[in-house]
Amino acid sequence: MRCFALPLALMLSATPVLADEAWETNLGYATWEETRGPDAVLRLYQGEGEGGPVTRLIVPGLGRDMLGGRGSYQAIWLSSEGETPCATEMLDPLDGSKTPYWGSALVTFVSPDFPSDWAGVYGDCLMAPTQPLQARALVGEDRNRAP
């Protein structure tokens, strides 16, 4: 009986992980990369598979609302590559690298529950976010299309 106690305790104490949450966006696939306290880090895959630039959307407050109550969020995006570099570099809080490709975004979830589509706008550097961003939640077999 003792050999089952530890695995059972581990299963009961496990916290829900939504790392498999993914969306298909107008820029490529996006996945929930990690949760850092109350914040979420979404990874955008541009191009085929996992190749291409590393682009992250850091969304303060979304990690706290992981299982529901989602709404609108101010966010910051960072990328390893881009079209126009900003005048200053930003430090990526995940790996400590610096990048001149960054900006802000506004993300709004369509539904407060998981999974949900979302839409928003983003902008380069200190420019106001005006470029559209739409995301459709991938569930079931559709989830397998994203990295």
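Predicted model: local features only at pLDDT ≥ 70, side-chain atom pairs only at ≥ 80, totals over all residues.
## A walk through the model

Residues are numbered from 1 along each chain as its sequence is written, and side-chain values use heavy atoms, with hydrogens and water left out.

Now for the layout. Of its 147 residues, 37% count as buried, meaning under 20% relative accessible area with a 1.4 Å probe, protein chains only.

Next, step inside. The largest nonpolar core holds 22 residues, and Trp-23, Leu-57 and Trp-118 touch the most other members. Such a core is a set of buried Ala, Val, Leu, Ile, Met, Phe, Trp, Tyr and Cys residues joined through side-chain atoms within 4.5 Å. Strands supplying at least two residues each include β2 (28-36), β4 (54-59) and β9 (118-124), while β8 gives the most, with four. Have a look at Trp-118: leaving aside residues up to four places away in sequence, its contacts include Trp-23, Leu-42, Leu-57, Val-107 and Leu-133 (a contact means heavy atoms within 4.5 Å).

Two loops are worth a stop. In the one between β8 and β9 sits Pro-115, joined to Phe-114 by a cis peptide bond with omega of about -10°. The loop between β9 and β10 holds Cys-125, a residue other than glycine whose phi is positive, near 50°. Cys-125 is buried, with a relative accessible area of 18%.

Finally, there's the largest pocket, with a volume of about 520 Å³. On a 1 Å grid over the protein atoms alone, a pocket is an open set of points where a 1.4 Å probe fits, with protein on both sides within 12 Å along at least five of seven lines; lining residues have an atom within 4 Å of a point. The volume is the space filled by probe spheres set on the points, which are joined across faces, edges and corners. Of the 25 lining residues, Leu-27, Gln-46, Thr-55, Trp-77 and Tyr-122 are the closest to the centre.

Technical notes:
Buried < 20%, exposed > 50% of the residue type's maximum accessible area, 1.4 Å probe, protein only.
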